[in-house]
Amino acid sequence: MQSSAFQPRLLAAAVSLCFAAAVPAAAQISEALAPIVITGSRFDANAALTPIGAIVISAEDIQRSGANDVNTAIRKVGGVYGRQSLDGSPDFSLDLRGFGSNSSQNMVIVLDGVRLSENELSNAILSTIPIDTVDHIEITRGGASVLYGDGATGGVINIVTKRPVKNSRRGSVFVEGGQFRAGEARVSGFQAWDGFAADATLDTQRTDNYRDNNEFKHTHFSGGAQWFDNAGRAGFRYEGARQDMRLPGSLSEEAYNANPRKASTPDDYAKLDSDRFTAFGQRRIGAYELAADLSYRKKTVESAYNFGGPPSIATYDSKQTQFSPRVRRLGEIGGLLNELVAGFDWTVWNRTATTSARYSAADATQHSKALYVRDELRFDAAHEGRVSAGARREIFNKDFSDPLNGFGSKAYKVTQGLNAWELQASYMPVTHLTVYGKAGQSYRVANSDENSLTPNYNKPLLSQQSHDLELGVSYGTAAQKITGRVFRHNLSNEIFFDPTIYANTNLAPTRREGFEIDAEQRINAAWNLTAHYQHVDAKFTEGVNNGKEMVLVPKNTLTARLSWTPASGHTADVGAQWVDSQRNGGDFDNKCPAQIPSYTTLDARYARKLGQWEFAVSGLNLSDKRYFSQAFSCDKGIQGGIYTADGRQLKLSARYEF
């Protein structure tokens with residue numbers, strides 16, 4: 001075990017040294033690394049006030065990598081660890097800072113100011129976001145509850161779509177086919193006049209996936225319009241998605257070794273219908289900027305599971321309304337640049353069982369309202385000094401009833417009030433070198449699914465709180481950048497499923513601590529190398545499991561990509577993802593001798609541009625590595641509850657831009 005842990009640290013050190021090598025003059029490539037407008041304060045930000053410690057994925061990065069959906073771009077380009085989805089969709093479980101099977105509940109995903117993370121045990125559905133509309137993706141690791149509220153201990157992923165440019169037009173048609181009967185067709189168009197713009201995207205895809213009974217079909221439409229001028233914009237958007245999924249179930253280790261593609265549940269399936277309407281507005285009035293987002297989402301989920309006898313079929317409707325007005329004052333105080341942001345977040349969520357399963361007919365509601373304020377001051381402009389402070393107060397009202405629940409809560413009603421705060425600072429003591437620090441308190445409340453099965457029936461779980469600390473240093477020029485950070489999250493009442501009592505519970509105190517390295521090196525005008533490395537120790541710090549490791553958390557992960565973009569119309573991109581071994585989801589006492597093995601996967605893409613056409617060939621898991629990233633039980637040293645990851649897949653695609 002010592003050697004396996006030591007190797008990634010050597011590799012990370014080698015990567016770091018590689019990025020410290022001499023590079024060509026910055027003037028040769030400054031245009032390729034031009035800054036992007038950031039929205040870390042929930043407003044389009046001044047370039048001097050970009051989020052401290054954030055990394056940004058540009059639209060060019062996404063297209064070069066060949067990622068056809070946002071989730072893939074976050075993993076391949078952003079270096080965020082993801083676990084294979086259980087339903088065959090491209091919406092992998094993303095994990096910032098090592099939160100295991102509850103990673104989706106410990107980070108927030110935002111699309112143009114609208115929160116996608118919801119009050120359910122499910123991943124944010126990113127496959128409904130048209131990849132052609134994405135301008136950039138910001139990844140900010142670490143506690144961010146002041147601006148984003150519940151569940152932001154691991155960090156925030158902010159997806160920002162393209163802003164209109166007057167009297168411009170763009171469009172594309174994309175088709176792709178590959179192994180496992182995979183296919184996708186997408187058409188998108190955008191037109192802007194002087195003060196008005198409209199866009200629309202229609203996409204359909206299907207695949208049999210690697211495993212039996214794992215077919216996935218997806219169709220979505222996204223369209224919107226907006227009015228804009230130099231002082232602001234206002235508009236609306238509709239997004240609709242329909243998904244059909246076959247569910248292959250988990251395998252024992254014996255079954256996995258015999259045939260990893262086998263399905264253990266050949267008759268299980270699920271369906272999803274989702275519609276989202278959003279209205280937005282943003283306006284500058286003197287030194288003030290006003291903004292608001294109003295979003296309504298309706299989702300219907302149907303599932304069928306076979307436990308012997310007639311199938312258990314359930315249908316649920318959930319609805320969520322969000323309203324987020326906010327104001328920013330960007331100006332000077334005593335000659336120093338100051339950004340003051342204040343806002344109100346109001347959310348109403350409810351879920352109703354329209355067709356009851358044999359085991360549940362749950363109805364649940366959650367109302368939340370929050371006030372927040374954050375102030376940032378830039379001082380000593382020559383050294384880019386920055387200091388900020390913020391606070392948030394949020395109230396949650398939860399109501400739940402389930403008359404059919406024979407093994408969990410039947411009813412509860414509770415009100416919970418929570419506070420968050422943060423302090424941040426950064427300073428550039430010498431040219432190109434920046435040091436920074438962040439401290440704060442973040443929180444999470446148990447969602448309706450977690451509160452339905454607790455150790456004490458009809459008694460909701462306590463809120464989870466985390467005290468967060470991060471220290472970082474960054475060196476960057478137009479040609480190279482490397483950022484290193486150390487972090488610690490001390491959690492109390494962490495909300496987690498405990499397999500030893502078969503219930504969601506508040507754990508004894510736990511801790512996440514480690515370090516991360518993000519690096520980019522422009523070797524020359526045509527070659528670019530990026531890498532992301534994370535080491536995290538996730539352990540209990542008190543209680544009967546004191547010192548034991550948390551489950552489903554790899555200690556080390558590393559993503560590296562090499563891109564070739566000459567001026568001749570050829571492009572190529574190759575990436576490697578290495579994930580350390582990890583304890584399976586049932587190994588709370590760390591007594592299982594078997595672990596989920598470490599694995600390395602390779603992907604690559606080559607594209608040729610001919611006029612308005614681009615033709616590409618791409619491959620995932622090129623070495624056809626047999627592996628799994630999800631396993632949930634251990635019996636006499638043998639793992640079970642295994643969900644097989646995808647095998648090698650080759651694809652051909654064509655894109656026409658107009």
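Strands here are DSSP runs of E with at least two residues, numbered from the N terminus. Keep that in mind as we walk through this predicted model.

Five strands make up an open sheet, running in the order 1-6-7-4-5 with mixed pairing. Strand 1 and strand 5 (114-115) sit at the edges, each pairing on one side only. Further in, strand 6 and strand 7 pair antiparallel over seven bridges. Look for I137 there: its bridge partner in strand 7 is I159.

In soluble globular proteins, nonpolar side chains tend to be buried together. Here the largest nonpolar core has 24 residues, and L126, I137, I157 and I159 are the ones touching the most other members. Strand 1 (55-58), helix 3 (70-76), strand 4 (108-111), strand 6 (134-141) and strand 7 (155-161) each put at least two residues into this core. Apart from it there is another core of 11 residues, including V108, L147, A152 and A291. As for L126, its contacts beyond four places in sequence include V70, I74, L94, I109 and I159, along with the polar N71 and D91.

Now over to D375, which belongs to strand 17 (residues 363-379). Beyond its sequence neighbours up to four places away, D375 touches N338, E339, L340, V387, S388 and A389. With N338 there is a side-chain polar contact of 3.1 Å. V387 is 12 residues from D375 in sequence, and their C-alpha atoms are 8.5 Å apart.

Technical notes
Residues are numbered from 1 along each chain as its sequence is written. This is a predicted model: local features need pLDDT of at least 70, side-chain atom pairs count only at pLDDT 80 or more; totals for chains, interfaces and linings use all residues. Side-chain values use heavy atoms; hydrogens and water are left out. Helices (H or I, at least four residues) and strands (E, at least two) are DSSP runs, numbered from the N terminus. Contact means heavy atoms within 4.5 Å. A polar contact is a pair of N or O atoms within 3.5 Å; within protein, one must be able to donate a hydrogen and the other to accept it, and residues adjacent in sequence count only if both atoms are side-chain atoms. A nonpolar core is a set of buried Ala, Val, Leu, Ile, Met, Phe, Trp, Tyr and Cys residues joined through side-chain atoms within 4.5 Å. Buried means under 20% relative accessible area, exposed over 50%, partly exposed in between (1.4 Å probe, protein chains only). Two strands pair if DSSP finds at least two bridges between them.
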